[in-house]
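Dear colleague,

I am handing over the structure we spoke of, and below it you will find an account of what was found. Please read the two together.

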Amino acid sequence: MASTEIIGWFADIGLHDRPHVGGKGGSLGELQRAGIAVPAGFVVKTGAFERFVRALEQDAPVRARIESLDPDDLGAVTACCKEIRARVEGAQLPDDVLQETSAAHTALCEKHSAAPVAVRSSATTEDAIDASFAGLQDTYLWVTDLAQTLHKVRSCWASLYSVESVTYRRRKALPEDGVAMAVVIQRMVNARTAGVMFTRSPVTGDRSVITIEGAWGLGSAVVGGEVTPDRWVLGKITGEISVREISEKLIQHVPAAGGGTESIPVAPELLEAPCMSDAELQALRDIGRSVERHYGRAQDIEWAVDRDTQQILLLQSRPETVWSAKDADPVARAASDPLSHVMSIFGGRR
Amino acid sequence: MKAPEKSTGFPLPSSLQVVPGTERAQAAYPYHTQFSKGDDQRFWFYNSMHFPEPMSAFDMVTAEAAYCALGAANTRVHCLPTTLGIDHRIINGRVYIGGNAVTDPAEIARRTEEFQKRAFYYYANWERLYAQWKEKMKALIQSAQALPKPQLPEFEPLANVHAGKGVAANHFLLDTYQKTLEGYFRMWHHHFEFLLLGYGAYLTFFGFCKKAFPEITDQTIARMVAGIEAEIFRPDDELRRLARRAVELGVDAKFREGVPAEEIIKTLEQAGKPGREWLEELQASRDPWFNINVGDGFYHYHRAWNDDLSMPFAGLPEYMRRVRAGESLERPVQKLQAERRQLIQDYRELLGSDDERAAYDQMITLAHRVFPYVEGHKFYCEHWYTNLFFNKIREFGGLLSANGFFPDAEDVFHLTHYELKTAIIDLMSAWSNGSAPRGPDYWPRIVAERKAAIREWARHETPPALGPVPEVIDDPAIVMLWGITRESLDAWLSASGDADGKEVRGFAASSGVVEGPARIVKSVEEIARLQKGDILVCQVTNPTWAPIFQKIVGAVSDIGGSMSHAAIVAREYGLPAVVGTGNATSRIKDGQRIRVDGGRGVVTIL
């Protein structure tokens, strides 16, 4: 199925499409094009959102109303946001958006119409703070039918009209015309193990190690801090595993019978068993190196191992920001007399 | 009762008791090595790295000779800015050492100026000076080899008389003995001629890597610097060659596990031309490459391959099996070199800026320049020369025991080198005046007493350190050679309560995790006990043990750092290894199942 102004398949998009597919969507497309396995999916682009808002505006103004708000009048902002969110969540999708999204969903799920998908907001803004208000956390897992999927798309859009997000935009006096939201729809991975990977040490900023944390089941348990994950530190270049901390992993997140996820206890024999084999850790390290090389900078990555195929898939990758911002003075500089470096050892207390 | 506070310090030297009943053996050590009152003010640590077992009276010569030379190099030759030499004391057969730091800033500045005139000259002219060093060492080895076997004929040979030699045979006992001793003291000066400078250049690069890559493992840095064609690999290379030759010559069936080396050699002598040809090949390998001893060269009983072929021969059957299976036993030198280049390049790319990369290049260039010496000197000094030295003393032991001084030639090592001179002069006098030597009435009791003392001392633990803990260890020699830092002292102070724990910690030497039965191997005689799949647990590992690394699945040692040759060999064999545990051979029991985590430096008793 071809990509359009409304739908963008991962294979057809990359980071430069960010204005239309958002950061998350662009990153997943970029990964797939770089040869990294990600769960199949597509993006409901900002073109769809634009069409939707245009239709909404025909009934009653949306953007003009937001722009008229005083950010200090919390009561008015709250009331207005509540109303607009209700309209977004309740409105019909324009025909072309409905058709194309439904067709893409069917193509994605192939024969299994009830194949579970994840619906995730993908903000277009470059502004990290705004992005975090505008529903970066809006991820709906294990959505099992088309109607639900379409509903969650509108929920993602609605998150643009949260009180925090609107207040922030008003304070900055940003034009509402530029505000848009893309939505990622991708196949769920029924993860045997999932977690995060840092291609630069979160503890020391060391660029030569890869830190991997993981636990049984879906990654939400690790990301949400509900389980103490196993932790490994690997030499990025050598693959040497210098740290192995195997934790008691009491719970895991699994798909719930009626859609969504649930937390269940881990089987006794798996409680203190490592959730990744050494071979899998090395494979993950290779993936981390490829992604880092592709982007030219350290990455924070979410990953999962498919329970059925045992394949490692990346769910997300974003640039590391904490240590990159700290990089300052070089550890040492070239000396006019190369021998003078030895004074760091022989010269006494420094 | 209130628990004693941690980190207040170690026991004072004056509180350390000579084990009752061993007082006379203790008194044999020179007066200047006995602890005295003033020593309570200073910090001392037990040199378990070089002297892990109680030292016999003669073997103490190594402490004397080595510290004389180390101190001269640091204090007077290269003038290290912040440190002078090392003092040593002996109690219960254990060697304690203490540094002499320079703390006055004006004095440090003065010494820094001297240091740069001296040390920098060495760095700048390293290859030439090292080539010259090898020639000096070879000449020294030759003169030691040329020393005659000590013997006393009944009459002076007629030829000597007719030649007008004018000096009789007994004088040459003293002459040979003094030359032997002189050569050993001189050898240690050669040993330290480059050593601190070499380690310093290596540690400069090491320190840079630790700052640039805070989580890099020691062994990765070691792999970037370690040589691939160092002399220390040659003995094992020779064994592989001999295994290949045996298969080519069709005599490999004569090598069977458990058959003593002497018997195999006898069989080969009778196996016609191919057998003799292999024995010639063996001879070519033995000189000089089997002049490697099974320890670190600091104990007379660490015998060389040449003196005890059981170690090298133990590895041959397995090598031959691999040759027959079509394996090439050649070390893939080019592949290893390419891997090392790649490793250096990959880490270089990770650096944060071109500034850092330029500094990295300068430091690793110097580290590579010095490292052939750091790796190579041991073969010449601690192995080749030391073997010659102890064997020459052994010859004196043979002569003295033949004259009734003590029952066994090996007993000579229970005399100090001062006493040995006395005993030799006793024998010289007796030979000259025709009367019986006095030694046979004098030495047997003393030898028996000292043997008993060593057994007794070995049964007693000794504190890892003595005296007040210094605020900071700023002595590059102590940090470099012994790896002692303020952090490691704190670890010692807090470790005392953990003796019953299931974990034994050491240096991460070669990564990987393995489980298996522990085989405690304390001497070369015990290597035959190693079965395929065992984990070797020993006091010192050493490149001479390389042939048995093909049998084992992991290695643990009491002594050694991540740059020790054992660690290098383990990495080449891809075996998990933890070295420098301090006490693995006493805490782990033979046959116990253990887990070795070579990446973390932890051994767990299961």
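Two strands are taken to pair if DSSP finds at least two bridges between them, where strands (E, at least two residues) and helices (H or I, at least four) are DSSP runs numbered from the N terminus. On that basis strand S1 (residues 44-46) of chain B pairs with S4(B) in the antiparallel sense, over two bridges, and B:Trp44 is the residue that stands opposite B:Leu466 in S4(B).

This is a predicted model, in which local features need pLDDT of at least 70 and side-chain atom pairs count only at pLDDT 80 or more, while totals for chains, interfaces and linings use all residues. Residues are numbered from 1 along each chain as its sequence is written, and chains are lettered from A and ligands numbered from 1 in the order in which they are written.

By an automatic or database domain assignment, chain B is divided into domain 1 (13-116 + 458-489), domain 2 (127-228 + 358-434), domain 3 (231-330) and domain 4 (499-605). The C-alpha centres of domain 1 and domain 2 of chain B lie 21 Å apart, and their contact takes 21 residues from domain 1 and 20 residues from domain 2, two residues being in contact if their C-beta atoms, placed from the backbone, lie within 7 Å. On the domain 1 side, helix H2 (61-77) and helix H16 (476-482) of chain B are the elements that give two or more residues, and H2(B) provides the largest share, nine residues.

Between the chains, the contact takes 43 residues from chain B and 30 residues from chain A. Helix H3 (105-124), helix H6 (169-212), helix H12 (333-350) and helix H13 (354-402) of chain B each supply at least two residues of the chain B side.

Chain A itself has 12 helices and 13 strands, and its C-alpha trace spans about 80 × 50 × 40 Å along its principal axes.

With best regards
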